[in-house]
Amino acid sequence: MTDEIESREDILITRILDGESCQDDLRDLFALAAADASLWDRFEAAKRDRDAFALAVDEALSVADRVAAPVHSPAASAPLRFAGWTGWAAAAALVLAWSWFGRLPLPNSGPIGPAVQPASLSADAALAAYIERSTAENRFIRELPQLLIEARPTADGQGTEVTYMRQFLERAVVNDLFELSTDESGRPGAVRVSNPVNTRSVLY
Amino acid sequence: MERMESSPTPPDDSASERPPASLTAGEIDALWREHRRWVAAVILAHMPRDADLEDLLQDVALLVVRSIHTLTDLRALRPWLRTIAINTSRSAGRKRKVRMRLFREAEDLDAIDGAGAGLSASQRENAAALERGRRLMEAAQTLPPAYREPLLLRAVRGLSQKQVAEMLDLPETTVETRLVRARRMLREQVENEEAQRERRQGAAGSAVRIAQ
């Protein structure tokens, strides 16, 4: 959009109302008003509008005073925690992979069943095997609704490529439960949960 | 297309000489308190009309706490905050978080009208000014963002034209020109609306008289 040339009167009024005027501006405004006294009515109306607008903006922005920086919130430092716990995530993924392919026993899973060669299973079949096995072990609870991350047309325009997240709910019995937390500097760390009633992970 | 801010602003707080990665939680909190009002004004200038300002500001606050350590120089804090605020506002446009903001405002106006009988003259004057200001703000939502943003930022207490120009990375003269034009457009729009309302009320009054 191109900037049109604004009227000298509007510019002067804006400068004076905003406290940005110099002596020459005041002199010029009085000179214009000497030729057209109705300028003072317009000046007064502009001042009323400016004050009313500032009042309404002030009211609208007052919500900002209620919004604090979540410096102590677990959600605020979630990515850091994730980074610090990627080793655990990798270990969990490894366990999951073991269970998928049925090559290694899960904790308390009893004797190993007939070995299944990964190459002989499709991804869907391997996943089905994992669900079947972990359900039998009272470990698998259910799959959560799939979460769509991204959808975009394929390069050839023949379809839509979707990226989505699949999540599985599992249960396990553990000796100790740790909760992710941060110290006063915001550094992540683990704290043993002494009373684990209704404790939930903060990784979400 | 929104430009990425690149020109650093002058230091504006005591922690500005320190690398952002070393800021304590208390210092981040203090920085947020110092800047959150004008950040809210930027969001207001760019967010969809049916989005909720407080929700978006909370999203920005969370992003700031999460990623302020990635900022290399606190002197670039204002452009950085503005970019986050604009991006958050635009993503709200995609998410379409629908809130009944307009209805809520209408209820507020009804409350003012309903309580009008018990107000003093100065309170009634304030209420009338606020109502006029709200109409101007509604009108401001129809302006292009290039005009709306400087207009809203200039209405934030304590922000000078020079600071607004620095935030927007524009010459002061350009900011002044946009302010002048934005105010003129607002005035004309509200005057048109008031004239239309008076015409409608006049027509309704005539209809009532004819019916009687």
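Which residues in α2(B) are buried? The legends below take that helix first and then turn to the salt bridges and the interface.

**View 1. Helix α2 of chain B and its buried residues.** This is a predicted model, in which local features need pLDDT of at least 70 and side-chain atom pairs count only at pLDDT 80 or more, while totals for chains, interfaces and linings use all residues. Residues are numbered from 1 along each chain as its sequence is written, chains are lettered from A in the order in which they are written, and side-chain values use heavy atoms, without hydrogens and water. In α2(B), the buried residues are Leu53(B), Asp55(B), Leu56(B), Leu57(B), Val60(B), Ala61(B), Val64(B) and Val65(B). (Buried means under 20% relative accessible area, exposed over 50%, and partly exposed in between, with a 1.4 Å probe and protein chains only.) The helix covers residues 53-67; helices here are DSSP runs of H or I with at least four residues, numbered from the N terminus. At its N-terminal end sits a cap: a side-chain oxygen of Asp52(B) lies 3.1 Å from the backbone nitrogen of Glu54(B).

View 2. Side chains of opposite charge can pair when their charged atoms come close. Here Arg8(A) and Asp28(A) meet in a salt bridge, 2.8 Å from N to O. Arg8(A) is partly exposed at 37% relative accessibility, and Asp28(A) is partly exposed at 23%.

View 3. Glu20(A) pairs with Arg154(B), with the closest N and O atoms 3.0 Å apart. Glu20(A) is partly exposed at 29%, whereas Arg154(B) is buried at 9%.

**View 4. The interface of chain A and chain B.** Here 41 residues of chain A are in contact with 47 residues of chain B, where contact means heavy atoms within 4.5 Å. Across this interface the rule finds 11 salt bridges. One of them links Asp58(A) with Arg157(B), with the closest N and O atoms 2.9 Å apart. On the side of chain A that touches chain B, α3(A) gives the most, with 12 residues.

Note on methods. A salt bridge is a side-chain nitrogen of Lys or Arg within 4 Å of a carboxyl oxygen of Asp or Glu. Helices (H or I, at least four residues) and strands (E, at least two) are DSSP runs, numbered from the N terminus. The expected span of a helix is 1.5 Å times one less than its number of residues. A polar contact is a pair of N or O atoms within 3.5 Å; within protein, one must be able to donate a hydrogen and the other to accept it, and residues adjacent in sequence count only if both atoms are side-chain atoms.
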